[in-house]
Amino acid sequence: MPVAVVSLLVGCGRDDPLNEPAERFEMVEIDQGRAVRLSAAEVTGGELVALHLREPESDAPVWESRIAERDGRLQTVRLGATRGEVLGKRPGPALAGSERQELKRLLEETVLLPDEAAREVADTKKGEVATAMELERRNGDPVWTIGVLGVTDESVTVNVVDARTGEVLERRPA
């Protein structure tokens with residue numbers, strides 16, 4: 001299943017931006033929405049299936065994304081989170097033919113764009129930012145799983161959003 005292949009939110013270790021204190025995000029100037037657009041633009045006809053903020057506490061934070069090509073192959077795109085420059089593009093994890101077909105079906109069933117899903121759960125007026133997201137299947141339906149950091153209170157939540165309707169299905173602390 002592509003869920004296991006494109007999963008970026010599994011685990012909440014030290015390297016996971018969901019566990020980083022808010023002050024460590026000072027160098028991040030490219031928000032999640034812009035990172036989605038810049039990443040997807042690097043792969044002709046590609047669609048974002050995962051995005052993750054790496055090294056947010058460093059002087060050189062990076063957005064790492066997985067972009068699905070039309071044939072279901074994955075590309076990994078790395079963007080500087082300070083200026084939005086492309087740091088590299090390489091083939092993503094290799095998927096078997098059946099996994100590529102399943103990923104293509106998942107994308108066909110998805111109506112809600114990734115930045116729209118993030119807006120459903122991250123309230124920028126309250127200082128919340130999406131730091132990780134991925135498209136996956138839950139109970140047979142496409143969903144966006146989105147990690148959100150509350151910058152002012154350093155709260156961290158994982159949100160599951162129906163990728164067809166935009167309904168928030170679950171919110172839980174990370």
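A pocket is, on a 1 Å grid over the protein atoms alone, an open set of points where a 1.4 Å probe fits, with protein on both sides within 12 Å along at least five of seven lines; its lining residues have an atom within 4 Å of a point. A volume is the space filled by probe spheres set on the points, which are joined across faces, edges and corners.

This is a predicted model, in which local features need pLDDT of at least 70 and side-chain atom pairs pLDDT 80 or more, whereas totals for chains, interfaces and linings use all residues. Residues are numbered from 1 along each chain as its sequence is written, and side-chain values use heavy atoms, without hydrogens and water.

**View 1. The largest pocket holds about 420 Å³ of space.** Its lining comprises 22 residues, of which Asp31, Gln32, Thr124, Val129 and Ala130 are the closest to the centre.

**View 2. Helix H2 (32-41), helix H4 (114-121) and strand E5 (128-138) each supply at least two residues of the lining of the largest pocket.** Helices (H or I, at least four residues) and strands (E, at least two) are DSSP runs, numbered from the N terminus. The largest share, four residues, comes from E5.

**View 3. The second largest pocket holds about 210 Å³ of space.** Among its 15 lining residues, Glu47, Leu48, Leu113, Pro114 and Trp144 are the closest to the centre. H2, strand E1 (47-54) and H4 each give two or more residues to this lining, and H2 gives the most, with three residues.
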